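Open the model in a viewer and keep the selection tool at hand. The stops below can be taken in order.

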Amino acid sequence: MSQKPVVLIAEELSPATVDALGPDFEIRHCNGADRAELLSAITDVDAILIRSATKVDAEAIAGARKLRVVARAGVGLDNVDVAAATKAGVMVVNAPTSNIVTAAELACGLIVATARNIAPANAALKAGEWKRNKYTGVELSEKTLGVVGLGRIGVLVAQRMAAFGMKIVAYDPYVQPVRAAQMGVKLLTLDELLEASDFITVHLPKTPETLGLIGDEALHKVKPSVRIVNAARGGIVDEEALASALKEGRVAGAGLDVYAKEPCTDSPLFQFDNVVATPHLGASTDEAQEKAGIAVAKSVRLALAGELVPDAVNVQGGVIAEDVKPGLPLAEKLGRIFTALAGEVAARLDVEVCGEITQHDVKILELSALKGVFEDVVAETVSYVNAPLFAQERGVEVRLTTSSESPNHRNLVTVRGTLADGSEVSVSGTLAGPKHLQKIVAVGEYDVDLALADHMAFLGYGDRPGVVGTIGRILGEVDVNIAGMQVARAAAGGQALVALTVDSTIPAGVLADIADEIGATSARAVNLTD
């Protein structure tokens, strides 16, 4: 019985997560926030599931010799070293849509709470104080809400707050004005938004460009009646600058769910009655946690089965159309055959896709071919994650070309490379019939029609009688059975190619003997099981 892949759950996740993983894995648990416990537990696992408390950095990844997947049950990846994972061939996945509704609803709640002083009024009443006049608020109706970042969460907030009768403006340099107008949102520059808004809500990722975006300079441009909400990422709103603005009366209130350093239990912002503060509750609903757990569990299942994962953050390709999926193993095998035929790393590699399949996004076929090209070149494990890195490190220029025209086959994939001496090597394949039989249909200038097999060989030679018999005799003497063979030639008496499939590996010495006896100009073996 084969050993089950090991999945380490390093933080508390919804019980639905384990249910979604199913019975095919060995499930282990650890406290990912305990560094020593994490480093000890991660050494021999295939996948790790985390939330925000577990730090999967370069040290952890280096110590996890079998790790193939890091799955974050949530959106943010501040606690995962994605670059180190990519270099190690480890896929990083998250659940990008699991908490968008939950996060948007919390932001809306903070907007309402800051407008109506709900938190301090609640605290005062529970302390025995009835202070209606002290906690008079403002209406949302006819006020201007400035949404900084019109991504998925920002759009949901805009839609919900429009129902309160608010006028919505937004700043997002990556959104077209026409698209914003369709949502009833007016795009402004950041300075224009700061000056016009009665409420400002932040929905941006944390990057070097966004860190401190709402800082001292920005907070000198706002209305003194403005209320600012940050339920996105800590540090986008400069907390020190915000505290100064509140103290000086340049900002009327704030709603915060995230902080520059977390956990945060002591901040100058907490002294203000007009600040509503929550401990990073943006994803903390039963529904969001269940959605996130189920989503990453499904991603782990796909990844450990060797399939592409739509939510992988360090893999090119995105969602794969059903018609494209059968071509992935074909493209990968063509990549391996190309490397065997070339005998070296190409200076330039072209992946050409032709036929009906090109109505879909076929970028993933380029990635699959690239994975195959380096499978037998590098000592490290090659994955969809790090294959582009291997190409980059070796200076290989990679291009994808597509055409809807394919005269002889419904779909055709070609891996073509230019070698250092300027010569060109190519191999083409297709899928035949309802069972998607993988076939080679061309090797360089030679047309062939041969089903792919685990063990193959390709020999180029000068066309003459007796060569096929010689090949059969030598292989028979070493008990290697020929499963299929095809001879292709450009013209009688010219150069020819014999392509054959066999039931077992052809020993290197035997292939050399065949090449010597037939005077082969090239002899290459391919073993796709190695």
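Predicted model: local features only at pLDDT ≥ 70, side-chain atom pairs only at ≥ 80, totals over all residues.

**Aromatic pairs**

How many aromatic pairs does a search of the whole structure find? There are 2.

Select Tyr 259 and Phe 270 to see one of them, an edge-to-face pair with 5.9 Å centre to centre and 90 degrees between the planes. Both residues belong to the loop between β11 (253–256) and β12 (275–277), 11 residues apart. Colour the two by accessibility: Tyr 259 is buried at 5% relative accessible area, whereas Phe 270 is partly exposed at 34%. Tyr 259 counts as buried because its value is under 20%.

Next select Phe 374 and Phe 390. Their rings form a tilted pair, 6.2 Å centre to centre, with 35 degrees between the planes. Buried or exposed, what is the state of Phe 374? Phe 374 is buried, with a relative accessibility of 1%. Phe 390 is also buried, at 4%.

**A lysine over a tyrosine ring**

Select Lys 371 and Tyr 384. The charged end of Lys 371 sits over the ring of Tyr 384, at 5.5 Å from the ring centre.

**A glutamate in α14**

Return to helix α14 and select Glu 366, which lies in it. Glu 366 is buried, with a relative accessible area of 8%. Which residues does Glu 366 touch, leaving aside those up to four places away in sequence? Show Val 351, Val 398 and Leu 400, which are its contacts on that count.

**The second largest pocket**

Finally, display the second largest pocket, whose volume is about 470 Å³. Its lining consists of 24 residues. To centre the view, select Leu 67, Arg 68, Gly 89, Thr 381 and Ser 383, which lie nearest the pocket's centre. Then highlight α3 (58–63) and α12 (286–304), the elements that give two or more residues to the lining. Which element gives the most? That is α3, with 3 residues. Coloured by class, the lining shows 15 nonpolar, 4 polar and 5 charged residues.

How values were computed. Residues numbered from 1 in each chain as written. Heavy atoms only, no water. Phe/Tyr/Trp six-rings, centres within 6.5 Å; stacked < 30°, edge-to-face > 60°. Helix = DSSP H or I, 4+ residues; strand = E, 2+ residues; numbered from the N terminus. Buried < 20%, exposed > 50% of the residue type's maximum accessible area, 1.4 Å probe, protein only. Lys NZ or Arg CZ within 6 Å of the ring centre and 35° of its normal. 1 Å grid on protein atoms, 1.4 Å probe; cavity = no way out; pocket = protein on both sides within 12 Å on 5 of 7 lines; lining within 4 Å. Points joined across faces, edges and corners; volume = space filled by probe spheres on them. Nonpolar A, V, L, I, M, F, W, Y, C, P; charged D, E, K, R; others polar. Contact = heavy atoms within 4.5 Å.
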